[in-house]
Amino acid sequence: MFRFALKNLRANATRLVATATAVVIGIAFLAAGLMLTDAMQHALAGNVDQQYRGVDLVIRPGASVGEFGNSVPVDRLAAIRGPPGVAAAAGEITAPASVLGRDGRALSSRSQGRIWITDRQLNPLSLTAGRAPKGDDEVVVDRGSAEDAALRVGDRAQVTTPSGRITATVVGISEFGDQPATDDGGTISFDQAAAVRLLNSGVPAFDDVLVRTDRGASTSEVQARLRAALPSSVDVITGARFRTDQQAQNAGLVDLLRPALQAFAYLALFVAGFVIFNTFSVVVTQRSRELALIRAVGGTPGQVRRSLLVEGLGIGVVASVIGIVAGALLALGLQSALGWFGVSLPGSGVSLSIWTVVLCLAMGTFVTLVSVFVPAFRAGRTRPVEAMRDSAIDRSGTSKVRAVIG
């Protein structure tokens, strides 16, 4: 009966393709969603590690509200740099900022303005041209924004900030490792005074302060000294914990996006189940005489059912494998399509994990077997006498009109 099922699959290639297509589409959506979100999650986690790899300690707002709310006052920077073992400390301020193109529109709505950190080990950015900014009318622009706006060192650029639009001189071009910028839409860097005035509306406070310890110094001892020197309104945490918290925060975006993408996949698989059920129901009706002949030569109801289940299993496994490949192509196509509209997702390419392969194979096979079960059960109830009935032979023809409507 196993060989009989395999021969039926080969003999009915058209039906096989039609049935498998439904599974391929559903699994392709599922695989594409998983691959895209996995690639995004790995990219975001890698960016955090790269951005803060030189950070040993971080001073950030604590549970109690300080003078400037949920922030670290600028005047605490001297106290942070004072204890033995602190090699360097730099504050961070992040706020929306964007370079305007020649048409007066922002190049990206997702670009960010940041303080240019003078310590090279704490600064994730590196200069490819020019120098660091000094004063309110100087900025460093990331490589991607500079290319999009055709800016070079020495050019004047229009920049939007939370405090309004300014005209600044581009004194440097920066990049983030092998990427154009730290932030998805671009990174515009200001010196500390300009960042406080333009990005923080003049409030002298940092989002947090990054600390690098001396080589050989005990991080825990420096952490204890900083806790003793600073008020209870701020908290001193390790760089490892800070990176973990940042990765968890970034993963929230992926956690929101993953169910939305998977919803399309599960809907497609739900529809695929109906397609397979209907297809095999028709197949059982069309093959009633053939199945009756199997019964007449000694085939048991269980063997007939198993033959159809084997057909469903073969379709499910093969279609799931094809669906995984199609999902990878779909994910790459989606990334390219978004690129045409100037939208980029974190990460590039696809991330194929063992879990993705196992889940896609299991879902495709399960949906197919469940959909085939009822028609297979009905097929097992076919009586041998049906083989002698001429009405069991399918004499229906094809209809172009029905095909077009379908």
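## Overall fold

Of the contacts in the chain with a separation of 6 or more, 82% are made by residues 24 or more positions apart; a contact means heavy atoms within 4.5 Å. This is a predicted model, in which local features need pLDDT of at least 70 and side-chain atom pairs count only at pLDDT 80 or more, while totals for chains, interfaces and linings use all residues. Residues are numbered from 1 along each chain as its sequence is written, and side-chain values use heavy atoms, with hydrogens and water left out.

The secondary structure consists of 11 helices and 14 strands. Helices (H or I, at least four residues) and strands (E, at least two) are DSSP runs, numbered from the N terminus. The chain has 406 residues, and 45% of them are buried. Here, buried means under 20% relative accessible area, exposed means over 50%, and partly exposed lies in between (1.4 Å probe, protein chains only). The accessible surface of the chain is about 20,600 Å², and 59% of that surface belongs to carbon and sulfur atoms. Accessible areas come from the Shrake-Rupley method with a 1.4 Å probe, and for residues only the protein chains shown count as cover.

## The nonpolar cores

A nonpolar core is a set of buried Ala, Val, Leu, Ile, Met, Phe, Trp, Tyr and Cys residues joined through side-chain atoms within 4.5 Å. The largest such core has 39 residues, and those that touch the most other members are I59, I80, F190, V209, V211 and L226. Helix α5 (residues 192-199) provides the largest share of this core, with 5 residues. When neighbours within four places in sequence are left aside, the contacts of I59 include V72, I80, V209, V211 and L226. Another core, of 26 residues, lies apart from the largest one; A31, I324, L359 and V367 are among its members.

## Helix α5 and the residue after it

The buried residues of α5 include A194, A195, V196, L198 and L199. Among the elements that cover the buried residues of this helix are β4 (94-96), β6 (112-115), β9, β10 (164-175) and β11 (187-190).

S201 follows α5 and lies in the loop between α5 and β12 (205-206). Its phi is positive, about 55°, although S201 is not a glycine. S201 counts as exposed, because its relative accessibility is 56%.

## The loop between α4 and β9

Two residues of one loop can be set side by side. A150 is found in the loop between α4 and β9, and L151 is found in the loop between α4 (143-148) and β9 (156-161). A150 is partly exposed, because its relative accessible area is 47%, whereas L151 is buried, because its relative accessible area is 13%. The phi of A150 is near 55°, a positive value in a residue other than glycine.

Not counting residues up to four places away in sequence, L151 touches V99, A146, R156, A157, V170 and I173. L151 and V141 are 10 residues apart in sequence, and their C-alpha atoms are 8.6 Å apart in space.

A331 is found in helix α9 (residues 301-340). This residue counts as buried because its relative accessible area is 0%. Leaving aside neighbours within four places in sequence, A331 is in contact with A32, L36 and V350. The C-alpha atoms of A331 and M35 are separated by 7.2 Å, although the two residues are 296 residues apart along the chain.

N70 lies in the loop between β1 (57-61) and β2 (72-73). N70 is exposed, because its relative accessible area is 65%. N70 and D207 are 137 residues apart in sequence and 7.7 Å apart in space, C-alpha to C-alpha.

A search of the whole structure finds 2 cavities of 30 Å³ or more. A cavity is a set of points, on a 1 Å grid over the protein atoms alone, where a 1.4 Å probe fits but cannot get out; lining residues have an atom within 4 Å of a point. Grid points are joined across faces, edges and corners, and a volume is the space filled by probe spheres set on the points.

The largest cavity has a volume of about 110 Å³. Its lining has 13 residues, and R114, I115, I117, N123 and P124 lie nearest its centre. The lining of the largest cavity divides into 6 nonpolar, 5 polar and 2 charged residues. In this division Ala, Val, Leu, Ile, Met, Phe, Trp, Tyr, Cys and Pro count as nonpolar, Asp, Glu, Lys and Arg as charged, and the others, Gly among them, as polar.

Key. On a 1 Å grid over the protein atoms alone, a cavity is a set of points where a 1.4 Å probe fits but cannot get out, and a pocket is an open set with protein on both sides within 12 Å along at least five of seven lines; lining residues have an atom within 4 Å of a point.
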